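Subject: Structure handover

Hello,

Here is the structure I promised to pass on. Please open it first, then read the notes below it.

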Amino acid sequence: MIRLPTPASGVTAAERFALDMLIDLARLVPAPSGLEAAQVELTAGGDRPRDLRAWGAAGWGIEASDAVVRVPRAVLRAVIDVTGGAVEQRATARDRYSRVPSSENPLVREGLEREPVIQRAALALQNAARRAAGRRPFRTVAAWPEGRRWAAAFTHDLDVVAWWPAFTLLRAAELGRKGAFGRLARVAAAAIGAGWDPVTRGVDGVLAQEAGTHVRSTWFILCGTPTLRTMRAGDLTYRPESPKARRIFARIAAAGHEIALHGSFATLNDRETFTEQKVRLEALTGAAVRGVRQHYVRIHPGVTERAMVGAGFAYDATLGFPDRNGFRLGVADVVARWDAAADAPLGIDAVPFAWMDRALSKYRGIEDPMAWCEDALALAAAARAVGGLWVGLWHPNLTPPLGFPDAPPAYAATLAGVLAEAPFVAPLATIVEWRRARRSVTARSVAPDGRVEAVSSTPTPFPLRLEDAEGRPAEPVPALRDTPRPTGR
């Protein structure tokens with residue numbers, strides 16, 4: 001447990017947001033002022049060190065003494081810059097798709113994008129709080145439901161429904177430019193024998209693989225009206241009301257997966273277009289749409305998210321890198337987002353993805369799908385090491401007729417490799433709901449025998465529980481009102 005600085009202590013809005021984020025990632029339980037617990041104090045520390053790797057090796061400057069945890073203000077500035085996204089929100093550079101280039105990301109600049117470095121700072125805070133507690137009762141919130149120590153989520157962007165031969169031709173041209181003529185010949189043979197609907201067969205293949213492993217995933221669906229201009233730009237290419245699209249949506253929903261919006265190019269800074277596409281998708285699927293991911297990872301950090309909030313989304317799953325894999329926000333977890341321009345919280349959660357198939361094949365020139373799988377498992381191991389969440393993105397159109405002859409077995413291997421390490425697995429909306437409940441846990445009292453009473457102010461789909469200083473299960477945490485408990489993986 002931990003007591004936070006009072007408003008009278010001179011903590012700025014940005015510092016309080018960053019500290020709350022670290023407390024959340026550290027799974028510490030905030031305690032009221034009258035409760036016996038370690039106290040957080042902020043210390044001056046100058047500018048953030050240029051070498052985050054060395055700073056992390058030194059414990060982030062977080063110190064512990066009897067009942068006091070001292071956190072340098074520079075750590076909080078790093079949290080705002082990296083995880084809050086302040087650096088990227090201030091960036092003016094744009095690539096050909098109007099994205100902030102990866103080179104503007106502070107972790108990329110230091111070669112640290114493949115490590116959840118800010119989450120390691122949170123673990124340093126957890127360890128310092130444990131030391132500062134001494135003989136006092138110490139509790140953290142259990143990391144994930146069902147006693148799992150980390151989590152994983154599988155997601156898919158449905159970019160292709162109609163006009164599949166055009167996508168095969170584009171992929172053939174890509175392989176030709178790379179000189180991959182053997183692979184190109186296999187693609188041509190698969191396309192000739194594909195029949196009339198290889199797209200639906202590709203979706204069915206992914207659904208079958210996930211059904212066989214009891215995985216429920218999240219599917220992001222384009223829901224605008226295609227035109228010649230949008231198709232030439234690689235944006236909207238299918239009508240969501242078409243019979244083929246509706247059949248695919250029905251298959252996804254029948255298998256128990258989540259459907260979310262894949263925001264088109266026109267949604268970039270436009271709340272009205274976001275709202276229109278969200279309402280349209282909800283009408284087609286008959287279910288609430290809680291999440292969004294931008295097509296082509298096309299986002300203006302801060303600005304696009306304000307439009308998402310206005311449209312009523314609970315979470316955004318856009319913030320990964322388009323051209324490499326790694327942890328764009330320095331965390332493998334669900335985190336609240338900060339508005340650097342308004343100096344206030346944005347009111348939406350980010351669920352950053354760590355791994356995407358096309359980041360390797362398209363941008364890195366790696367054509368071996370088993371190498372993609374190895375990369376996915378390496379990043380999953382990094383997320384597991386900090387008790388975090390790994391989010392992967394696999395496109396269901398990566399099939400032989402559409403240009404990827406070895407891809408389906410690689411996805412099966414990725415599923416098997418991730419699941420072998422026993423994560424908690426659920427659709428993103430369920431994970432976000434759990435994390436919001438975990439984030440809201442606060443301590444109420446400590447009994448004479450050392451038992452801690454805590455409560456969650458947010459309804460939770462899974463039971464919450466505290467853990468003691470050794471990580472053993474301790475007291476349950478009731479929510480303010482109960483909700484039905486769904487089935488996980």
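How much accessible surface does the protein chain have, and what share of it belongs to carbon and sulfur atoms? The total is about 18700 Å². Carbon and sulfur atoms account for 55% of that area. Keep in mind that this is a predicted model.

Now the overall build. The protein chain holds 17 helices and 19 strands. Its radius of gyration is 23 Å, close to the 23 Å that the globule rule gives for 489 residues, so the chain is as compact as a globular protein of that length. The C-alpha trace spans about 75 × 45 × 40 Å along its principal axes.

Next, the interior. Of the 489 residues, 59% are buried. Take the contacts in the protein chain with a separation of 6 or more: 75% of them come from residues 24 or more positions apart.

Helix α1 covers residues 13-26, and helix α6 covers residues 117-133. The two pack with their axes 8 Å apart, at an angle of about 75 degrees. Roughly perpendicular counts as 65 to 115 degrees, so α1 is roughly perpendicular to α6. On the α1 side, the contact is made by Leu-22, Ile-23, Leu-25 and Ala-26. On the α6 side, Ile-118, Gln-119, Ala-121, Ala-122, Leu-125 and Gln-126 make it. By type, the residues of this α1 contact with α6 are eight nonpolar and two polar, with no charged ones.

That is the handover.

Best wishes

Conventions:
Residues numbered from 1 in each chain as written. Predicted model: local features only at pLDDT ≥ 70, side-chain atom pairs only at ≥ 80, totals over all residues. Heavy atoms only, no water. Axes fitted to C-alpha atoms, helices over the stretch in contact; angles between N-to-C directions. Helix = DSSP H or I, 4+ residues; strand = E, 2+ residues; numbered from the N terminus. Parallel < 35°, antiparallel > 145°, perpendicular 65-115°, else oblique. Contact = heavy atoms within 4.5 Å. Nonpolar A, V, L, I, M, F, W, Y, C, P; charged D, E, K, R; others polar. Rg over C-alpha atoms; globule rule 2.2 N^0.38 Å. Buried < 20%, exposed > 50% of the residue type's maximum accessible area, 1.4 Å probe, protein only. Areas by Shrake-Rupley, 256 points an atom, 1.4 Å probe, with all protein chains shown as cover.
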